Amino acid sequence: MPDRPEIVCICGSTRFADEMSAANRDLTFAGVIVVAPGVFLRAEDREADQLMTNEQKTALDTLHLRKIDLADRVLVVNPGGYIGESTSREIAYAHATGKPVSFTDPV
């Protein structure tokens, strides 16, 4: 028996905030510690009001890689098989660091 619950890092496009929230809920009810994106700005919000600077985006991307470091495995939330540029980088990072990666939908 492990000395702590499994830790899963959720990755995916923030356009799938609802789907990531559902995955987070399901994993949490299953006794898993979940780390996931903490900021969900819609693309139209960023374009209209510039709510996130490039520096903030870079900092959040780096922070998410540290979340992958903490995790035992990565779950990619990818409805319809969609994987964007940032998520592709996160998947590559997870593979490079030896983290198992699974997907909610076929790739």
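Let's start with Pro37 and the residues around it. Setting aside residues up to four places away in sequence, Pro37 touches Ile10, Met20, His64 and Lys67. This is a predicted model, so keep in mind that the contacts come from a prediction. Pro37 sits in the loop between strand 2 (33–35) and helix 2 (43–49). Is Pro37 buried or exposed? Pro37 counts as buried, because its relative accessibility is 18% and the cut-off for buried is under 20%. The fold also brings Pro37 and Asp61 together: they are 24 residues apart along the chain, yet their C-alpha atoms are separated by 9.2 Å.

One of the residues Pro37 touches is Lys67, so let's go there next. Lys67 belongs to helix 3, which covers residues 54–70. Besides Pro37, the contacts of Lys67 include Cys9, Val35, Ala36 and Gly38, once neighbours within four places in sequence are left aside.

Leaving out neighbours within four places in sequence, Glu90 is in contact with Cys11, Gly12, His64, Leu65 and Ile68. His64 turns up among the contacts of Pro37 too.

On to the strands. Strand 1 (residues 7–11) and strand 3 (residues 73–76) run parallel and are joined by four bridges. Across that pairing, Val8 stands opposite Arg73. Strand 3 also runs parallel to strand 4 (residues 101–103), with three bridges between them. There, Val74 has Val101 as its bridge partner. Helix 4 (residues 85–96) comes into this as well: with strand 3 and strand 4 it makes a right-handed β-α-β unit.

Finally, the whole chain. How many helices and strands are there? The chain has four of each, and from the N terminus on they run β-α-β-α-α-β-α-β. Of its 107 residues, 31% count as buried. Among contacts with a separation of 6 or more, 77% are between residues 24 or more positions apart. The chain exposes about 6600 Å², and carbon and sulfur atoms supply 56% of that area.

Conventions. Residues are numbered from 1 along each chain as its sequence is written. This is a predicted model: local features need pLDDT of at least 70, side-chain atom pairs count only at pLDDT 80 or more; totals for chains, interfaces and linings use all residues. Side-chain values use heavy atoms; hydrogens and water are left out. Helices (H or I, at least four residues) and strands (E, at least two) are DSSP runs, numbered from the N terminus. Contact means heavy atoms within 4.5 Å. Two strands pair if DSSP finds at least two bridges between them. A crossover is right-handed if, with the strands pointing away from the viewer, the path from the first strand over the helix to the second runs clockwise. Buried means under 20% relative accessible area, exposed over 50%, partly exposed in between (1.4 Å probe, protein chains only). Accessible areas come from the Shrake-Rupley method with a 1.4 Å probe; for residues, only the protein chains shown count as cover.
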